[in-house]
Amino acid sequence: MTAGGGGGGGVTSGKKRQRSGSYSRLSSTIGIIDSSRPDNTLTERTQKTSGIRRTASHTFIAPSSSAAVSRGFNDSATADVVLRLFVDQLPLFDTNDSESISAVDSDQSDVQIYLHSDVLCRSKYFATLLSDRWQKESNDVDSGNSSRIFRLNLGVPATPGSIDHHLAVLQLLYTNDFSTTIHNVSVALCLLPVALELIFEDCIKACVRFLEAVPWAEDEERKILSIVPLLSKEESQELLARVSIDKIDSSEQMLHGLILSALHNHPNMAFAKAFVAKLLRDFSSKEAAKRVLDGAFQSSLKIVKESLEEYSSPDFRGDHNEIEAIQRLNLHTAMTNGRHLVWLVERMIELRVADTAVQEWSNQAAFTADLLRALRDDAWRNIVPGLPAVVLRCTCKLSNAVATGTILATRQVRMKIVKDWLPVLILCKDYVTPMTPSHKTIYVELEDTFLRIISTLPLSDAQELLQQCLSFSTRNVEDCPHLISAFTTWFRRANRFPLPDM
């Protein structure tokens, strides 16, 4: 914004605007003050362009007779200030608008309005400009002349609607009813930069208060963030609190809380899980998502392991009913958290961040031992009949990720995941009856996955594990082609002549 006869003034971006004390921008302002008014008419000492006109056609806000004071806005009969608004310079504030100065209607690029000095003093900019000290510095005027007229030129940024926005703020100087005008985010964003230029504190507070209380669209948020550096710390505090947070790991904490809520607390668990799964897929930081999922996986796995350990090796005394109730609780806890593990594993594989989970799952000799003891006890069949399928589903998904190369596991991890979990698969297949179609599918898929992993191991390791896989055979030999293929491959490799030393 430039005031006077074309001098320039600006706002330094990136710093909080200081709206108290002296105003350095006024050093380049020329306020032309006319003290001669012999016939009670307004005269001009500034040269106007042919486009100057009154503001009757500007309708950004309609004049409100109920809100205005007796000496109204643009009232030439009582005005003691003549203000010329003209398009003068490039925008002071960030804008995504690609329109240039030429896009501004020439009919709206130069306007003259009639105002009152005592009303203008609500703006600290005008209060300083019209002060006695400034008048004497800019033009030696007889302070005893009560009929003087102040003639001011005010340059505005060359953005579409800039003249209208300035007129709207100038008209708000004549009222205390800001809510009628500032009724949506778009209006607040148009008026706030002008109010900051004119240092119109009441209007600034009204705009900021409105923006604090209502939702923003994404483009509106960007505009607000471009204006925030010009606000005081107190004014910008609530606005910034909505879009930024002091905690570095706040996003991870949010994701962790959403996962826990979807798994444990939400009544529509399936819908909540689907929504959180989408958030994880779209999350900007894959590493952060991995850390959150790893933490949730470790927590659920710990609960499953502890529950099965307490079930398989109880360390408490009591009557039969009490012990049975505790054992039921342990099994239900293991089953519930086992389902959580399945969902978490699916998310980790989907994001290709399951390497830590694979390593952890391959190092569960104690866990699988407790699981084997629990499954040999028939009590679980009537309490949690789906427990074996849940545990094997986790094993199958993680093992398949290894076999397909989705997760690149070391030789030790590949061998351990088969070695620790193969006995569980064999026990479930041989002793868990009746075998439902879904169980049979899991068994066959996991058999095939284990055999593919075994084929990646050295012949000596593969020999040890393949011997345990005879239980994969069926009454009809033709029904187990995966087992036939695995042994055929091993014997072909074993019978190959040793390669010469390199």
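Trainee: Is the crossing of α5 and α7 left-handed or right-handed?
Mentor: α5 and α7 cross in a left-handed way. Left-handed means the near helix is turned anticlockwise from the far one by less than a right angle, and right-handed means clockwise. Before you go on: this is a predicted model, where local features need pLDDT of at least 70 and side-chain atom pairs pLDDT 80 or more, while totals for chains, interfaces and linings use all residues. Residues are numbered from 1 along each chain as its sequence is written, and side-chain values use heavy atoms, without hydrogens and water.

Trainee: At what angle do α5 and α7 pack?
Mentor: About 15°, with the axes of α5 (residues 185–198) and α7 (residues 218–227) 11 Å apart. That makes the two helices roughly parallel, a label for angles under 35 degrees; over 145 is roughly antiparallel, 65 to 115 roughly perpendicular, and the rest oblique. Axes are lines fitted to C-alpha atoms over the stretch in contact, and angles run from 0 to 180 degrees between N-to-C directions.

Trainee: Which residues in α5 and α7 meet?
Mentor: From α5, Val185, Ser186, Leu189, Leu192, Pro193 and Leu196; from α7, Glu220, Lys223, Ile224 and Ile227. By class, this contact has seven nonpolar, one polar and two charged residues. Contact means heavy atoms within 4.5 Å. Ala, Val, Leu, Ile, Met, Phe, Trp, Tyr, Cys and Pro count as nonpolar, Asp, Glu, Lys and Arg as charged, and the others, including Gly, as polar.

Trainee: New topic. How many helices and strands does the chain have?
Mentor: 20 helices and five strands. These are DSSP runs numbered from the N terminus: helices are H or I with at least four residues, strands E with at least two. The chain has 502 residues, and 44% of them count as buried. Buried means under 20% relative accessible area, exposed over 50%, and partly exposed in between, using a 1.4 Å probe and protein chains only.

Trainee: What about α11 and α14, at what angle do they cross?
Mentor: Roughly 45°, and the axes of α11 (residues 286–312) and α14 (residues 365–375) come within 9 Å. The pair is therefore oblique, and the crossing is left-handed. On the α11 side the contact includes Leu301, Val304 and Leu308, and on the α14 side Phe367, Asp370 and Leu371. By class, the contact has seven nonpolar, one polar and four charged residues.

Trainee: Is aspartate 370 buried or exposed?
Mentor: Aspartate 370, in helix α14, counts as buried because its relative accessibility is 9%. Leaving out residues up to four places away in sequence, aspartate 370 touches Leu308, Glu309 and Ser312.

Trainee: And arginine 84, where does that lie?
Mentor: In strand β3, residues 81–89. At 14% relative accessibility, arginine 84 counts as buried. Its side chain makes a polar contact with the side chain of aspartate 110 at 2.8 Å. A polar contact is a pair of N or O atoms within 3.5 Å; within protein, one must be able to donate a hydrogen and the other to accept it, and residues adjacent in sequence count only if both atoms are side-chain atoms.

Trainee: Last one. What is the phi of asparagine 74?
Mentor: About 60°, a positive value, although asparagine 74 is not a glycine. Most residues other than glycine have a negative phi. Asparagine 74 lies in the loop between β2 (32–34) and β3. Arginine 352 has a phi near 60° as well, and its place is in the loop between α12 (320–350) and α13 (355–361). With 49% relative accessibility, arginine 352 counts as partly exposed.
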